Amino acid sequence: MSPQSLTGIKTDDTISKDLSTVLVLGGDACSVQLVERLCEEGLSIIYLGDMGPNATRVKQMGKIQLIPDGFLKWITGVIGAFNVSIQTRNGVQGLKAGFVVVAQPPTILPKFENYGVKPANNVLSLSPFFDDLQREERHSKRKADWRHIAFFVGLDGAADTGTFSKVFDCIDILIAQEQVQCYVFTRHLKVAENGLEARYRRIREAGTLVFVFEHDCPVVEQTIESVKIVFSDSQLSSEFELTPDVLVIDEKLRPPTNVDAVRALIPSSLSSKPYLTVASPRYPGVSTAKVGVFAVGAARGEFYRPKIADDVNSVVGSIKKIVALQEAKGRGVVAVVEPATCTLCLTCVRVCPHAAIEFGVSARVDSDACLGCGICAAECPMQSIALGQRKTASENSYVIDQHGLQVAAHDDRKIVAFLCEHSAANAFCELSSCLKAMVNPIVVPCAGAVGEVDIIQTLLNGAQGTIVAGCFRGNCASVYGTNRAAHRVSLVQEALVDAGLTADRLVFVPSASNASHSLALAIEQLLEMSGCQHSRETSSTSLS
Amino acid sequence: MAGLTCAHELADRGYGSVLIDKAPFLGGHAVKLVCKATSVCQNCGACLVAEAIRETQKLNLINKILSARIERLLKDGSYFEALVVQEPLRILPDQCNACGQCFRVCPVPGAICLSPLICTPYIIRDVCSRHLGNACSACADVCPRSAVQLSASESELLVKSQAVVIATGFTPFNPAQKPRLGYGRITGVLTALELEELLRNEQFDWTPNGHPITRVAFIQCVGSRDSHLGRNYCSQVCCAYALRMARLLRAKQPGLDITVFYMDIQNFERDFEARLREAENEVNLCRAIPSEARPGIEGRVELLYHNNLGSNVWDSFDLVVLSIGMSPPDSIPALDFVVRNADGFFEVAEDDSVFVVGASGGPKSITESIRQAAAAAERVAFHLERVG
């Protein structure tokens, strides 16, 4: 990995950071609340999107630049220094921002085609129907001739709690008009939210009929004047016909589609398309793989209103934490580039899952955006990148942290294990002490930080076996670090076979913090292979 | 998990916190769950609990008081003063290095147990011979780090704080309330939580009664969405855990025949439909809730259910797993300003310095608890900023 010559590297950190401006790509119902909270924290806001009637009130709250008719053309840069280009009616506008929050409303796709019907006066999509109902309620003017209203919700198998909540809202308004009978046709009732099952029970008690279909979905016969639903009830084994006054069709809710500019900013987010946040339990909230970019609500795949409201607090909290960290210069271990040997091949730019690397005359890792996973250092063909820690808060000088990758040549422990600090290192702690004693553990920030050279070095130094232990695929904090690690292990294994050696002394072990079993098994197998006497009985967890 | 997340988030902002847990270890029910990864992560989040607990050991802004209960909580201006009472027989987790000597030397089986993570031991008071009046102090004598504390009486502590976060989690539904499902009566019927613990400790018996397990049934909504029991809510996690567990079992035993009996399958992940289709390839999904269980031949369990052809059938399984729901947490007598919502879970009546996080406020998965607690931590921090 990194040669000793990098020790005490100095970088040219000339980029000026501004952590006081937040670009909000708004439009979602919670984005006004978000702007209000950010203003309270003294941040200035660039708000792209229409704020409607709230605009005049919000404008008075702080330093807010409203761009209601703008379109985000492109965005580049890193936290504290995002360059934003916005197309407006008056031309292109260039702006700078410290943070980016994507808070756009979901893309609503009507499902007429899925059910083989056409939109008509009596066949409506859910959102317009709901908006209409609300408006009418406000003006207390009712559709007096409505008697029967049918809802198709997720009959194609796809629906979410947000849609059901909206259907129940409609029915609540409709059953206030006593003569209206509502029917709900669905496949799975989605009630996995607080209070939603109780609401479902209430609308049923109020007389709404709910039909659940497993396979034989209702058939709709649509003419110009009327719409007829033909369905069979498996329990009563008979056919029914219903001619409702209105058939309301549910909609598919998808993430906002106009976020390609933001996605281009975080190349690794392509793997979780159409969402902006990583599909991993390590990213349960608003944070994306790129520091300083947040996805709220629909952009992260959440469509249920009450939960989106939480996102406002999550964004504000995350921004405050980052600002506090930056002030303390306390980012910890980050990747550092030696400009003298960098050939600008841009491998690092390409592999960084957190999009923390920019380039000028040489590649430059942004110390605020870098999470120190070390994937770039392992991939750099010139070995110009190392992981290091800033010497002092004021100077841009780094102490190179080898993360123990320099393997001692004559360690009497037979097995070398590279352990991801997120998962495998924790699992290793749970192993029995006698098993631990047989292993030389090397804790790495991500399994992806272990290069082919590091692996071969362990074998050259006389290790009886080498383990690279990372997270399970889909659990990696650096999105695909563990995939790269597994790939590198297979490359070295191939090379060993090509060289006429056996590859079975090198293994990749996916592991989790709360499951040490797979790691224990791998160590035992390697010990057995090296002819080491080690009884199975003593190898299970320490006390049992 | 929610409490741990909240404490961490507050520590990140420089606020100290005191974690008071009635259990002798942190992590609640979540720490007992098994990693569901097959060859890929199944997004259950159980590993994050282990990580959060290990992280807590490094942070000195978080103080832990385990095996404790709150006896009294008073509010004086912007300060709370809690009287915390701690168990007399304790092994101090900060001193313990999990060497296991106390565990081995203890003369009473079951008096010293091991916590699910890091295997730190703790004493079960009601079993301990010292509590029963004997003068035994074997564990304390053998401990090389003086971590065993055998006091004569409970110890009292005063804790002052400016905010109270309630993260008491949920109570697992007791399936004995649905006697027809045979729990406790028929061997081979267990709760999902029991199966989790067995798998986690690698104590699961794949060949009970001499023959290997080939057919497994999961029964969903046991204690959820059940108006007869007054539970008009969905526990929100069971569909996910049953399907993940089913896939984990299949990964361990590829030929396993698994049937999941359900009412409606709830969304538990974004791109849920794709997840469900994947699961459908491995698991039989059967829309019916069995009404009765009876012992079958060779230790099997027979279930009576209404099949999709409209007739009642008895079907035989080697193992029946009850996907038990989340019940509201037990009352905390000292916290009289917390009320219960329509489903029986906690909510705060009128106090801007009291916060409810995690499953104590309504059923939540691990990742949902983390997400919600992180958002709540910001509200707590906001409150602390204002009171100064």
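Biologist: Which residues of helix α5 of chain A are buried?
Modeller: In this predicted model, helix α5 of chain A covers residues 196-205, and its buried residues are Leu196(A), Glu197(A), Tyr200(A) and Ile203(A).

Biologist: Why do they line one face of the helix?
Modeller: If you look down the axis of α5(A), the buried residues fall within an arc of 125 degrees, and therefore they line one face of the helix.

Biologist: And what covers the buried residues of α5(A)?
Modeller: The cover includes α4 of chain A, which is made of residues 161-175.

Biologist: What follows α5(A)?
Modeller: After the helix comes Gly207(A), which has a positive phi, near 110 degrees.

Biologist: Switching to chain B, which domains does the assignment give?
Modeller: The domain assignment gives domain 1, made of the segments 2-87, 154-170 and 328-387, and domain 2, which is 173-325. The C-alpha centres of these two domains of chain B lie 31 Å apart, and their contact takes 13 residues from domain 1 and 17 residues from domain 2.

Biologist: What classes of residue are on the domain 1 side of that contact?
Modeller: On the side of domain 1 of chain B that touches domain 2, there are four nonpolar, five polar and four charged residues.

Biologist: How many residues of chain B are in contact with chain A?
Modeller: There are 52 residues of chain B in contact with 45 residues of chain A, and the chain B side divides into 25 nonpolar, 13 polar and 14 charged residues.

Biologist: Which element gives the largest share of that chain B side?
Modeller: That is α8(B), with ten residues, while α1 (2-12) and α2 (46-58) of chain B are also among the elements giving two or more residues.

Notes:
Residues numbered from 1 in each chain as written. Chains lettered and ligands numbered in written order. Predicted model: local features only at pLDDT ≥ 70, side-chain atom pairs only at ≥ 80, totals over all residues. Buried ≥ 20, exposed ≤ 12 C-beta atoms within 10 Å, placed from the backbone. Helix = DSSP H or I, 4+ residues; strand = E, 2+ residues; numbered from the N terminus. Arc of directions from axis to C-beta. Contact = placed C-beta atoms within 7 Å. Domains from an automatic or database assignment. Nonpolar A, V, L, I, M, F, W, Y, C, P; charged D, E, K, R; others polar.
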